[in-house]
Amino acid sequence: MSHELLQSEAVIPNLPLTIECISGYRIEDRIYRLFISTKEGHLLIYKITTKKGEANSKLERTIRSKQKSKFFFLRLTDVFLVDQIDVFYESGLLLILQDRKFCIKDLNQPDEDITDAIERAGAGGVVRNISRFSLLTETIKSSSGACASIAQLCLAQKKKILLYYWNKNCFNEMKELIVDDIPKSVAWMNFNNIMVSSRNGYTKIDIRTAKSEEIIVNDRLMNSQICPYGKNGVICATQSGIVFYKDDQNLSTVAVSTDEPTISLATHYPWT
């Protein structure tokens, strides 16, 4: 008999659109905000409230994203899909990957670009040719009781991994790693290791030494999905569910069993 690490719960059971990716954050106890990108070109913002074991959802805003065109008209099919989205709540940032362009927006005003939040970005604060990204944050409390956030960002750009650290309201360049294949997904395991998936499989990389180690994942998806979970761990989507990998252990713990392959993964620190 298998043991499931996590429990699943439907918070929006009858969404009339097709999900492309999701992310969210905790507003306060039992109240969350959820971002949903759809294949139809919407960015939906929901407020989720849990009470007595039940989840209630309220649609707060719908943003329709259209593609800029050199012509005088736009077809209904000309939309930018948000391929990946994440939240840096402590700094009020919304991280978005759209049409292989990575950009940062204001969390409270998703229409507004923040152009100076990543070092050496191109025009408009955009980093181009990005296939996936991963953000890792942690809140540290000093002996005086003051709290500060630390964060690291990695961007997969062709066969390179671009690494950044957060300092003075900006993601500053840390280093660059070369990989053998174009990553399909990346995820921080901790502040020293990342996990990279490609068509060749899964690899753990120590960013301090660039040393890599192959990780065997059975029943893996062709469209690989990995996401940070807990200290020194990630969760990985498979054909039959989600498995949990902890550093120096095997990918064996079943986190969630699913009837269909997972479309998108998102987790929330501190994973309680």
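Modeller: The protein chain has zero helices and 20 strands, where helices (H or I, at least four residues) and strands (E, at least two) are DSSP runs numbered from the N terminus. The model is predicted, so local features need pLDDT of at least 70 and side-chain atom pairs count only at pLDDT 80 or more, while totals for chains, interfaces and linings use all residues. Residues are numbered from 1 along each chain as its sequence is written, and side-chain values use heavy atoms, with hydrogens and water left out.

Now the sheet. Strands of a sheet pair through backbone hydrogen bonds, either parallel or antiparallel. Here four strands make an open sheet in the order β5-β6-β7-β8, and the pairing is antiparallel. Its edge strands are β5 (82–88) and β8 (127–128), each of which pairs on one side only. Two strands pair if DSSP finds at least two bridges between them; β5 and β6 (residues 93–98) are joined by six bridges in the antiparallel sense. Within this pairing, Q84 is opposite L97 of β6.

As for the whole protein chain, 44% of its 272 residues are buried, meaning under 20% relative accessible area (1.4 Å probe, protein chains only). Counting contacts (heavy atoms within 4.5 Å) between residues at least 6 apart in sequence, 42% join residues at least 24 apart.

Conventions. Buried < 20%, exposed > 50% of the residue type's maximum accessible area, 1.4 Å probe, protein only.
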